Amino acid sequence: MTKRLAIIGSGSSGLVSLKNAIETLPDWEIVCFERSNSIRGCWGDPHSGFVSTSTKYTTQFACFTKYAANVDPDGRDRRAEFFHDREYGDYLESFADAFGLRERNRLRCRVYTLCRKETHGRWQMTWTDEAS
């Protein structure tokens, strides 16, 4: 019997969970279900003028470092240390590409229920593929 793992939601948590699950459970069928049409998550497509409250260095994943801990000591460009506008979403897209995660994401899939069935002790998930 094939073991399966469903990760609900892409974005920061979903993508890093997916990467770790693929590495840890190589024989499992692992899929990430995302309701939107993008893996960028809720922070990946923010409003215009968005600036994160934590630095790029502290927000990035330890397994995918792109930013140094440098700080502008003169404070001339304070925003450079922080993600702004769509930069964090771009980082998530790069992360997904670097680890081949796109093929394990099902976009535009809405998960309705997830519950453990008492009769057979297994989990059951109901969802629809809104992309088709």
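Colleague: Is K56 buried or exposed?

Modeller: The relative accessibility of K56 is 11%. Buried means under 20% relative accessible area, exposed over 50% and partly exposed in between, with a 1.4 Å probe and protein chains only. K56 therefore counts as buried.

Colleague: At what pLDDT do side-chain atom pairs count here?

Modeller: Residues are numbered from 1 along each chain as its sequence is written, and side-chain values use heavy atoms, with hydrogens and water left out. This is a predicted model, in which totals for chains, interfaces and linings use all residues, local features need pLDDT of at least 70, and side-chain atom pairs count only at pLDDT 80 or more.

Colleague: With which residue does K56 form a salt bridge?

Modeller: A salt bridge here is a side-chain nitrogen of Lys or Arg within 4 Å of a carboxyl oxygen of Asp or Glu. For K56, the closest N and O atoms of the pair are 3.3 Å apart, and the partner is E87.

Colleague: Which helix holds E87, the partner of K56?

Modeller: The salt bridge between K56 and E87 links distant parts of the chain, 31 residues apart. Helices (H or I, at least four residues) and strands (E, at least two) are DSSP runs, numbered from the N terminus. K56 is in helix 3 (residues 56-59), and E87 is in helix 4.

Colleague: Is E87 buried or partly exposed?

Modeller: K56, at 11%, counts as buried. E87 has a relative accessible area of 23%, so E87 is partly exposed.

Colleague: How many residues apart are E23 and K19?

Modeller: E23 forms a salt bridge with K19, with closest N and O atoms 2.6 Å apart. K19 counts as buried because its relative accessibility is 6%. Both E23 and K19 lie in helix 1 (residues 11-24), about one turn of the helix from each other, and their separation in residues is four.

Colleague: Which residues does the salt-bridge network join?

Modeller: D97 and R102 meet through their side chains in a salt bridge, at 2.4 Å from N to O. D97 counts as partly exposed because its relative accessibility is 47%, and R102, with 37%, is partly exposed as well. Salt bridges that share partners make one network, which joins R40, D90, E93, D97 and R102.

Colleague: How many salt bridges does the rule give?

Modeller: The pairs include E23 with K19, K56 with E87, and D97 with R102. Under the rule, the count is seven.

Colleague: What is the phi of D85?

Modeller: Most residues other than glycine have a negative phi. D85 lies in the loop between strand 4 (82-84) and helix 4 (87-98), and counts as partly exposed because its relative accessibility is 30%. The phi of D85 is positive, near 50°.

Colleague: And what is the phi of R108?

Modeller: R108 is in the loop that runs between strand 5 (105-107) and strand 6 (109-116). Its relative accessibility is 37%, so R108 counts as partly exposed. R108 is a residue other than glycine with a positive phi, near 60°.

Colleague: Is W123 buried or exposed?

Modeller: W123 is placed in strand 7. Because its relative accessibility is 55%, W123 counts as exposed.
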